[in-house]
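Here's a quick briefing to read with the structure open beside you. Take a look first, and then we'll go through it topic by topic.

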Amino acid sequence: MSMSEDDDVEELREYSEEGQDDYQDVVKQRDGMPEEEYDEDRDDWRDATTHKQTRRDGILLSLSGFALLVFIEAILSKGAKFRTAAIIMGVISLLLTVPKFVLNVLMDKRFSEMIEILFGVALLILWSTGVVALTFNNGVFFTPGTGYFSTWFNLILSGYYIFLNARISNIRQIQKNKEITEGKDADKISYKRGASPVLAAIWFTSLAVLTQSIIALNNDVEVARAKYGISAGVFSLLIIILMLTFSVKTFGGWLNYFYMAIILLGIWTVVVLSCTMTDPFLFKFDLGGGLSTSAVVANGFYASLGSFVGSMMLVYKCHLNVLLYEASIHSKKTTRLLYMTFLMLTSFLVFVQGIQECNDIKSCNRNRFNTAGIVLGFISFFLASVTMWFLRPSQHTTEYVMEQVPVSTFEVGVGFVLVFLWTASSIALTFPSRSPFYETSTGYFAIWSSFILSIIYLSAAFPDNSKVNNK
């Protein structure tokens, strides 16, 4: 076995936390595999590559569509700052993506992964410049709208395009060197790589929060809270660099990644509570008579919420990898408890938003929706807390408290109550125009997130197999 083959096997070994045993299995499987079995596995790798190429073509089409929206929105925004730059960026992106899509799909012309990655880097530089120039500091797309979201989607898709081509290159390299793994190992590779796009997304949103907070600080807008945003952005960027720099094995396993994700989630929970419900990322105006309106600083507001949601996704993905690698906590119950933890956070956000609204208008009696948000948020938070306490890992406590009621029955009952609660809340609090949750505030998104999480929790807790569900 040559030195290059040794290096490839070493790389494959790093995908598994089981060490030398997996290394020997891979070597034996590769060296002793019958030709027909190798052909079947090679076809599986080819299918995986084709699937990702199809997804890559879809990203190109999406990039073309969003670039067209940027172009049209810029044309219609007469007199706006950097309008010409937005038009030029839209045209450049269209000239890059449309011919590329035609060559790939209609003419079946394929390029090497290196060329594809460089193509993606060019788009990433283009739209990174676009985000900075067009969506910050009173640019043409400073306020939320079609152009604003299209610019950000172009940036995100450009980054994902690079990631996808790197994955295709990795699959081809494994196939080229005949690194054939069993199905379970392929799943591990997929899960390991699954955290990288989330980390990249949090990186960009953290950078956006940092930039917007610095702008707010320079403009003397709520200096103390702006410093929260700056601190959170810096710490978040440092944590992400740390997680991307070191491999899972060097980092001490997926459980340590999970703890780092929890720290990120804590950081962005504080930012959401301190910066998105009031200055510097949300400005409110009292209209009198219990009515108020608000205006968001789009990049700071949406990037903070994006970092919060991204941290939740990262916690979940790390949790999946912990279940794959560390059987000591392999339990469906831990996944349901994770859903309940997320629901606790979103319920708490609704509760705090209601209190904040009461403070802004000096009295909760002037708007009954504020009181309803506080009560509903508290009830949901309480139910989630009680459920987590009953179902915590201590089996003795669980069996004692739940002695008369099966765990699955209890969870399904709580799930139905939460679904009913948040269905009623989403209708009663986000549709009436007099409600403070009518506008797209933190409370608005928290209500709908709670509604979705309650449905996910109920579907996970529903006893399709009570024996498995109680493990």
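Predicted model: local features only at pLDDT ≥ 70, side-chain atom pairs only at ≥ 80, totals over all residues.

Residues are numbered from 1 along each chain as its sequence is written, and side-chain values use heavy atoms, with hydrogens and water left out.

**The overall picture**

- The protein chain has 17 helices and 2 strands, where helices (H or I, at least four residues) and strands (E, at least two) are DSSP runs numbered from the N terminus.
- The chain has 471 residues, and 48% of them count as buried (under 20% relative accessible area; exposed is over 50% and partly exposed is in between, with a 1.4 Å probe and protein chains only).
- Take the contacts (heavy atoms within 4.5 Å) between residues at least 6 apart in sequence: 73% of them join residues at least 24 apart.

**The largest pocket**

- Rolling a probe the size of a water molecule over the atoms shows where empty space is left.
- On a 1 Å grid over the protein atoms alone, a pocket is an open set of points where a 1.4 Å probe fits, with protein on both sides within 12 Å along at least five of seven lines, and lining residues have an atom within 4 Å of a point.
- The largest pocket has a volume of about 1,200 Å³, meaning the space filled by probe spheres set on the points, with grid points joined across faces, edges and corners.
- Its lining has 40 residues, and Ala201, Gly306, Val309, Gly310 and Met313 lie nearest the centre.
- The elements giving two or more residues to this lining are α6 (146–176), α7 (183–218), α11 (298–325), α12 (332–360) and α16 (442–461).
- Helix α11 gives the largest share, 11 residues.
- The lining of the largest pocket splits into 31 nonpolar, 9 polar and no charged residues (Ala, Val, Leu, Ile, Met, Phe, Trp, Tyr, Cys and Pro count as nonpolar, Asp, Glu, Lys and Arg as charged, and the others, Gly among them, as polar).

**Aromatic rings**

- The structure holds 19 aromatic pairs (rings of Phe, Tyr and Trp, using its six-membered ring, with centres within 6.5 Å; planes under 30 degrees apart are stacked, over 60 edge-to-face and the rest tilted).
- Phe348 and Phe381 have ring centres 5.9 Å apart and planes at 45°, so this pair is tilted.
- That pair links distant parts of the chain, with Phe348 in α12 and Phe381 in α13 (residues 368–390), 33 residues apart.
- Phe378 and Phe382 form a stacked pair, 6.4 Å centre to centre with 20° between the planes, and both lie in α13, 4 residues apart, about one turn of the helix.
- Tyr148, Phe149, Phe301, Tyr302, Tyr444 and Phe445 make up one aromatic cluster.

- Ser450 sits in helix α16 and is buried at 0% relative accessibility.
- Leaving aside neighbours within four places in sequence, Ser450 is in contact with Leu343, Thr346, Ser347 and Trp422.
- Leu349 belongs to helix α12 and is buried, with a relative accessible area of 3%.
- The C-alpha atoms of Leu349 and Ser450 are separated by 9.9 Å, although the residues are 101 apart along the chain.
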